[in-house]
Amino acid sequence: MLTTSKTSEISRIEKEMEDASSYKEWKALALEHDYISGQEDWKRAEKSNSYDYANIRSRLNTLRDLRTRQDFSGLLFALNEGIHGNQGGMGKAALFEKAKFGTKHLIEEYVDELVDALRDIANVPENVISWKDKHDFFQRASLCFGRSALMLSGAGSLGHFHAGVVKTLLEHNLLPEVISGSSAGSIFAAVLGTHTDAELKKMFRQRSIMPSTLQTDGELVQIDSGHMRIMLESTIPDLTFQEAYEKTGRKISVTIAPLEENQSSRLMNAITSPNVFVRTAVQASCAVPGVFPPVMLMAKNVYGETQPYLPNRRWVDGSVTDDLPAKRLARLYAVNHYIVSQANPLVLAMSAADGNPFLPEPMKNILRYSTHEWLKSGEKFSRQYLRAIPDVGKALSMFYSVVAQDYKGDINIAPSFTYFDPRKLLAQLSQEDMDFLTHEGEKSTWHRLEQIRLSSKIGQTLDVILDEHAEHDVKTTYKKRTPAKEKQAKKAKDKG
């Protein structure tokens, strides 16, 4: 039991953590908090009902023994028994909620040992393990382990929260290659996909990657379609999805919804729509129904000329139908781990209600289920009886689609507040408001950074190994051609 003095000290530390201005400062306070609260002892203790500590300890000892004896064939056999992100339940969210910083030391040690083992296998001479065996192993390991994706929700003007999230992930080299965005989130996904790391760091030094297009003079001014177009033109280069991928190597996707009720939503990216201009997809994803007009997409034709893409179709706000396109990302990019930056005002409001401390968890589950079933029934009713009133039927269908979606991932990053002045949601924010939201995004990510680091370390290592050995045909996904490789290819062609 904590003494009165320790309780007082913990309260002081939590207040200082909330006011921390940098991750370094926040981390030092978090570690101090764990020491005083006794959570450091919890991290050192292996035994727990929350995960299979015996299984992880056994595998850790096996890998260490094989590496110490340099038995690389035995090591490869042991690794072939399985590389999973949730080995023994070590990826459970509850294991990262207990302490302020990190989790069980056994889990951290196991991940580090596994990463070192993968590097050993990659670097062992071919006369010990053939490239054919390495090729087979790394292919399967990558497919089995999967990869992480960052999904940026719709958010309106709260989208500046995403800026703080991506800024922090970029600074710590934890930004996933696979990124999706809906509505306001699509702007930040597009910025990440069309700018190099060096360009992004320069933009962040300028305080905001979404420049102001309105002179507000302190007044609240709503953004219209003209201002939105100008802002997007000044923020997102004139690149197609394929050109963006070739420039940055990031696999970005933008969700758009059909204006017509009988059409399906689309996930625009370098696989599904390589020739579509990123900016027009973002403009469509930001076209809030009833606020901005629907958008026709533009693309490059075979001659490099700009022309309409599906000219008979118009598209609107992507968050209406698929704010977080997890299933599609899984199918296209072998994603099985999702980091969500959630700043959707509706979701934040629902989360506030869901977090009501006066309702027991079983009652919350009943309410969730009954609400879902009510929405399904309501949607069937509106489709059957309100089809004769197109605008009403369409509006109700959109409402059901928005409310019934799943808005959570494996790691969820959300602001500490659940309310924001609704008048500002589609307005030009002041620099003070943008700075506040960006810093809120940074602080919210600090809490999840170690969980993200640990969850993505193995996947990142596999990606690096596959990239390094691409010339041996180990790489299974399409690979961008860097300027250096383009130069080499041109030189070889000239010699030929």
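Trainee: How do you know how many disulfides there are?

Mentor: A disulfide is counted when a pair of cysteine sulfur atoms lies within 2.5 Å, and by this rule the count comes to zero. This is a predicted model, in which local features need pLDDT of at least 70 and side-chain atom pairs count only at pLDDT 80 or more, while totals for chains, interfaces and linings use all residues. Residues are numbered from 1 along each chain as its sequence is written, and side-chain values use heavy atoms, with hydrogens and water left out.

Trainee: What makes a set of residues a nonpolar core?

Mentor: The members are buried Ala, Val, Leu, Ile, Met, Phe, Trp, Tyr and Cys residues joined through side-chain atoms within 4.5 Å. The largest such core has 73 residues, of which Leu 158, Phe 241 and Val 282 touch the most other members. Helix H9 (residues 184-194) gives this core its largest share, seven residues, helices being DSSP runs of H or I with at least four residues, numbered from the N terminus. A second, separate core of 36 residues includes Phe 72 and Phe 96.

Trainee: Which residues does Val 282 touch?

Mentor: With contact meaning heavy atoms within 4.5 Å, Val 282 touches Ser 186, Ile 187, Ala 190, Leu 232, Ile 236 and Val 254, leaving aside residues up to four places away in sequence.

Conventions. Buried means under 20% relative accessible area, exposed over 50%, partly exposed in between (1.4 Å probe, protein chains only). Helices (H or I, at least four residues) and strands (E, at least two) are DSSP runs, numbered from the N terminus.
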